[in-house]
Amino acid sequence: MGRRNKKGRNITGIVVIDKPKGRTSNHVLQQIKRTFDAKKAGHTGSLDPLATGVLPICLGEATKVSQYLLDGDKCYQVTCKLGVTTDSGDSDGNVVAKMPIPEITEQILYAVLPSFIGQQQQVPPMYSALKFQGQPLYKLARQGIEIERKARTVNIYDIILISFTSDSFTLEVKCSKGTYIRTLVEDISASLSTGGHVIALRRLESAGYTTEQAIRIESIQECADEGINALDKLLLPTEEALPNWPRIEADDEQVLALRCGQQIKVEQKYEGVQIRLFDRLGIFLGLGEMSQKGIISPKRVFVVDESS
């Protein structure tokens with residue numbers, strides 16, 4: 001699927017990793033980039049070191065769709081330990097307070113959870129990758145520096161109670177991008193008149209990719225040991241990344257125009273929507289946006305590798 005050189009292969013596709021606990025998303029990304037010997041690689045949204053689960057990694061030209069996948073909805077399973085708060089909101093942080101836990105029943109939880117469904121104003125935690133003057137907030141937090149953060153609008157589509165005990169509960173949360181599950185857990189705990197922090201977090205779905213598609217790092221390495229062809233078979237086609245986007249086919253003249261960054265006009269009309277672009281042979285060209293009267297503006301057009 002590409003040629004080798006000292007800078008890596010011209011390889012394009014998406015591999016969905018089942019991120020292991022205790023490793024950063026960037027560390028996993030760099031390992032996958034080396035294993036595939038790819039020139040370019042990017043992930044589609046960080047997971048905390050504590051978290052496991054779905055981490056789509058884009059290789060080569062597929063990195064051009066990574067931002068759109070980052071914007072996709074997510075689904076998590078999270079377990080909260082009640083009665084204890086930490087500075088990071090999860091079990092990797094330092095305990096800052098302990099408090100009594102009132103008696104909690106299934107009925108109480110069912111009564112509380114609906115208030116957290118829908119649009120919410122959520123203040124990002126200090127222990128996050130958001131940047132202030134070029135510095136990630138978590139680095140400032142480790143120095144004891146607190147920065148004022150503006151609340152952001154997130155959308156919680158659904159919260160399902162999986163299980164609970166006298167001092168913990170487990171939820172499945174379907175949400176929009178930018179939702180901090182640690183903050184949600186803290187807010188739910190506060191509504192129960194106690195504190196809480198995340199002790200387990202698993203991403204079940206990200207932008208349509210699920211745990212059923214996710215591959216463990218060990219399995220990736222086993223394929224690498226079999227050879228580069230076995231490894232490349234793990235890649236998912238980039239054009240399948242955004243299945244809900246309309247598909248538009250361009251003729252040869254239009255393809256040339258798109259590759260030059262020029263607009264084209266087509267008969268189909270999906271006014272004001274983002275679309276996937278293909279040539280007459282079904283080869284994926286990239287992404288565009290359609291405006292009034294069927295005018296398509298190219299947004300992220302793939303580079304043709306003439307050497308492959």
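## A salt bridge between Asp-167 and Lys-81

The side chains of Asp-167 and Lys-81 form a salt bridge, with 2.6 Å from N to O; the term means a side-chain nitrogen of Lys or Arg within 4 Å of a carboxyl oxygen of Asp or Glu. Asp-167 sits in the loop between E10 and E11 and Lys-81 in strand E4, 86 residues apart. Strands (E, at least two residues) and helices (H or I, at least four) are DSSP runs numbered from the N terminus. Asp-167 is partly exposed at 25% relative accessible area, and Lys-81 is partly exposed at 30%. Here buried means under 20%, exposed over 50%, and partly exposed in between (1.4 Å probe, protein chains only).

## About the model

This is a predicted model, in which local features need pLDDT of at least 70 and side-chain atom pairs count only at pLDDT 80 or more, while totals for chains, interfaces and linings use all residues. Residues are numbered from 1 along each chain as its sequence is written, and side-chain values use heavy atoms, without hydrogens and water.

## Other salt bridges

The whole structure holds ten salt bridges. One of them joins Arg-9 and Asp-232 (2.8 Å, N to O). Arg-9 is buried at 3%, and Asp-232 is buried at 7%.

## The nonpolar core

The largest nonpolar core has 26 residues. Such a core is a set of buried Ala, Val, Leu, Ile, Met, Phe, Trp, Tyr and Cys residues joined through side-chain atoms within 4.5 Å. Among the members that touch the most others are Val-78, Phe-169 and Leu-192. Elements giving two or more residues to this core include strand E4 and helix H5.
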